[in-house]
Structures are given as structure tokens and as C-alpha cells.
Amino acid sequence: MKTIKDVARLSGVSLTTVSRVINGSEKVSKKTKDKVDQAIRELGYFPNNAARSLVKKQTDSIAVLLRNIHDPFFCDLIRGIEEASLELGRNVIFCSLGKDEKIRDRYIEYLTNGISDAIVLYGSLFSDKAMIEHLHRVQFPLLLVENNFQTLPLNQFLIDNVTGARDAVFYLIRHGHKRIAHVMGNPNKKVILERFSGYTEAMQENGLTIQSSYIQNTLNNSVLSLPQFQEMMKAPNRPTAVFCSDDKIAIQVINALGDLGFSVPGDVSVVGFDNLKSYDHSYRGPRITSVQQPLYEIGHDSIVSLDRILKGEESGLISKCYKTTLAEHDTVGIWHEGEGVDL
């Protein structure tokens, strides 16, 4: 295996000069740098990154913590992260946390022990509070995405979930719907509560009654409670539209409506949240009208922002709220009371 001494010998410079070239020092002339780079290529020498990190006190790596890296929802976010890291010469470490807090904590211990320079945490579980407080206490560079801790001064990227949900419900109202139900996900997630708030605000502002049965919860693992949903849809004052807190729930709702003999959007309109590019193989309905988040932009901005922090180019806290847009597809129709939907 070739060493730094071999590079110094072939290029005719000192070990210190080779080290400076490898670490990107500006104290080396272009001519000398070219000689060292040529020697590195000829020898096939690979710098010892562990040793470099001791000198620089940085690894040039940023860790990205996601709940489930295999989820298609994260596709655009990951693409933005990868492209920004290539542009800036940063390495990225992706970690899939799942729901086990022990796995999460083991990742944190590993990543903060000289493996990464900063962490991006995507998610909004209230159970992350202790971990985030620890990272803040030890002053480890951190950027939260969709996890707003107002009691701590942290770098945060948020999505305007309330307005996104309001836009979805207003869209249904403009299409003639007045009896609009909401099927929500895990209430331990901040984003779910925000989308619920947007739903209730839009209904109240338009003077629409929210029936007690109109608020439906998914069970563990986001499984729709079919008996309750079926009871709601069989009632005389059944909803003509359903706003779901994410597209995965919307998929279950549309499949359940089909099993009950309802057509979408012929009998019932449905709006989701996330605008997924692909659906589960079990889905049997049309393309879902949904609220879209700028995930590529968020992913790209997260690496750019942490890069600036690590370089000392950003001294204050970074905080940004991203707007959503409504992606109109095929699950909403115009409702005429007593007549149904015009397709």
C-alpha cells in the first residue's frame, strides 16, 4: 500500500507539503500542488480520511436521519440532498431510524463520535425531544426538518402544513362539498396535528359543521379503522368528500370506498397530502389530488445551509418555512346536492 512518504518522494517535496495539498491548504503554489496531484495519481494513493479528520477536525460528512429510507416519499428529498452534496464536495451518510428509539440513539452515538460533522433529522415525533436536547447541549451542528422545537434555538426547516390543509379543504368547498370528513394519522406527529388544524380552520371559516363521526383516526401502522369508516359512510348524512392527512391514508380510504360500492370521484371526492409519485400495488383508484411539498428544494437547501454553518459562513440560526401547492389530479369532482358529481 502506498503511503504519504511515497508521494513526497516521487513529487520531490516534504511530507508537510503533501499534507497541505491533501488538506486543501492555500499555502501551496499551483505548480507544487500539480506535482503532488500527479504523484498521487501515478501511485494510486488514497488519503487516510481518518487521519485527515483529526487534522481538520472535520470529516466532510453530513448524516441524514430518516424514519424509513425505503419510503418512496423521500425520493425527491434524497435527490436534492445528493445533488447538493456533489456540488459542495460533501459526503452524505443516510440512516434509516425506524421506530426503535434504541436504534436511533445508537446511530446518534456513532455519528457524533467523529463520523459526521453535522446531522439533518427529518421527522416530527414528539419522542425525539430528549435526543434533540442532547445534541443541542453538546453543540453538535443540527438541522431539523419538520420538527419544530420552539423552546430551543435550533436550525429548522418547516412546511406550512396548516395552509396546505386549508387549501385542500377550500378546494373541496369550491367544488360544492359541504360535508367533508377528515381521516388523520398518528397524533403524536406534529405535522398530523397541523393538518388537522388546517382542516378545522377551513371548515369553521366557511360555517360548515364538523360532525363527530367526520373525524376518523387510523390505527397503529396507519391502518384505517374500517368498522368506524364504514359506519360513517352508511349514515344518512355521510360526507361527500374526505381530506386525508397523507396519501397513504388516502389510498386506504379510496380502496375502502370501492369495497363499499362508492366510486371516486363519482360518489365521494378525496384529497390527500404528499403527492406521491407512486402508489402501493394494492391501490385500485385514480391518481390522487394531493398537497405537494417542495421536498427537492428542502433536501438541497439542508446541505447548503449546513455547509455554510460548518465553514463558519453562517453565524445565526437558520429558519425557513416552505409553502405547499395543490396538485390537481383525478379524485375530486363537482358536487350538486341531491344530484351527485359532474365528472
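Is Asp 259 buried or exposed? In this predicted model, Asp 259 counts as exposed, at 61% relative accessibility.

**View 1. Asp 259 and Arg 284 meet in a salt bridge.** The N to O distance between these side chains is 2.8 Å. Asp 259 sits in helix H11 (residues 247-259), while Arg 284 belongs to the loop between strand E9 (269-273) and strand E10 (289-292), so the pair ties together parts 25 residues apart in sequence. Arg 284 is exposed too, with a relative accessible area of 54%.

**View 2. Arg 166 pairs with Glu 205 in a salt bridge.** Here the closest N and O atoms are 2.4 Å apart. Arg 166 is part of helix H8 (residues 161-174) and Glu 205 is part of helix H9 (residues 190-205), so this pair ties together parts that are 39 residues apart in sequence.

View 3. Asp 37 counts as buried at 19% relative accessibility, whereas Lys 33 is partly exposed at 39%. Across the whole structure, a search finds 23 salt bridges.

**View 4. Val 36 is a buried residue of helix H3.** Its relative accessibility is 0%. Val 36 touches Val 7, Ser 11, Val 13, Val 18 and Val 21, leaving aside residues up to four places away in sequence. Val 7 is 29 residues from Val 36 along the chain, yet their C-alpha atoms are separated by 6.9 Å.

Notes. Residues are numbered from 1 along each chain as its sequence is written. This is a predicted model: local features need pLDDT of at least 70, side-chain atom pairs count only at pLDDT 80 or more; totals for chains, interfaces and linings use all residues. Side-chain values use heavy atoms; hydrogens and water are left out. Helices (H or I, at least four residues) and strands (E, at least two) are DSSP runs, numbered from the N terminus. Buried means under 20% relative accessible area, exposed over 50%, partly exposed in between (1.4 Å probe, protein chains only). Contact means heavy atoms within 4.5 Å. A salt bridge is a side-chain nitrogen of Lys or Arg within 4 Å of a carboxyl oxygen of Asp or Glu.
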